Amino acid sequence: MSFLASGIIQPPITRTSKQVRADTLPMFYGTHTFYFVLRDRYQEETIIERWLSKIGRTNAGRLCKVFAIYTTKQDGKDFTKYTAAAMRKLGVRSGVIELMRTSYPHCACNRCVLRMLTKVKEDSKK
Ligand SMILES: [Zn+2]
């Protein structure tokens, strides 16, 4: 399992031919764990919706795990109320989005976020 920030471009191999594309895209979206960090609700919401619109409903439906990382309780509430609902409308299946709050002191830099995600991964193996 690897973590990819949402908004990432599709890997080059998926662009080689129509057939390869048809074979590899389900794998790409179905096997990677995506994440995004909620810093500014309006900005993130736009980025996420743009990303999902771009990959399309079929690929959005293939997503198996998307972590939404937030720092303040209010961000978590807002996400559930607005962004998660918007994501489902764009094809993300229920149970795919996992909301996670950063641990104290709630730093949301890439290093802290990746450390947290790696820990989740290790815990899920136990
Ligand atoms: Zn940090």
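Me: Among contacts in the chain between residues at least 6 apart in sequence, what percentage join residues at least 24 apart?
Reply: This is a predicted model, in which local features need pLDDT of at least 70 and side-chain atom pairs count only at pLDDT 80 or more, while totals for chains, interfaces and linings use all residues. Residues are numbered from 1 along each chain as its sequence is written. Two residues are in contact if their C-beta atoms, placed from the backbone, lie within 7 Å. Among such contacts between residues at least 6 apart, the share joining residues at least 24 apart is 77%.

Me: Which pattern does the chain follow, read along the sequence?
Reply: The chain has four helices and four strands (DSSP runs of H or I, at least four residues, and of E, at least two, numbered from the N terminus). Read along the sequence, their pattern is β-α-β-α-β-α-β-α.

Me: Are helices H2 and H3 roughly parallel or roughly antiparallel?
Reply: Helix H2 (residues 41-60) and helix H3 (residues 73-89) pack with their axes 10 Å apart and at an angle of about 25°. Axes are lines fitted to C-alpha atoms over the stretch in contact, with angles from 0 to 180 degrees between N-to-C directions. Angles under 35 degrees count as roughly parallel, over 145 as roughly antiparallel, 65 to 115 as roughly perpendicular and the rest as oblique. H2 is therefore, relative to H3, roughly parallel.

Me: How many residues of the contact of H2 with H3 are charged?
Reply: On the H2 side the contact includes Arg41, Glu44 and Glu45, and on the H3 side it includes Asp75, Asp78 and Tyr82. Asp, Glu, Lys and Arg count as charged; Ala, Val, Leu, Ile, Met, Phe, Trp, Tyr, Cys and Pro as nonpolar; and the others, Gly among them, as polar. Five residues of the contact are nonpolar, one is polar, and the number charged is six.

Me: Is His106 buried or exposed?
Reply: His106 is found in the loop between E4 and H4, and has a positive phi of about 60° although it is not a glycine. A residue is buried if 20 or more other C-beta atoms, placed from the backbone, lie within 10 Å of its own, exposed if 12 or fewer, and partly exposed in between. Because His106 has 11 other C-beta atoms within 10 Å, it is exposed.

Me: How far apart in space are Asn110 and Val37, C-alpha to C-alpha?
Reply: Asn110 lies in helix H4 and counts as exposed, with 9 C-beta neighbours inside 10 Å. Asn110 and Val37 are 73 residues apart in sequence, yet their C-alpha separation in space is 9.0 Å.
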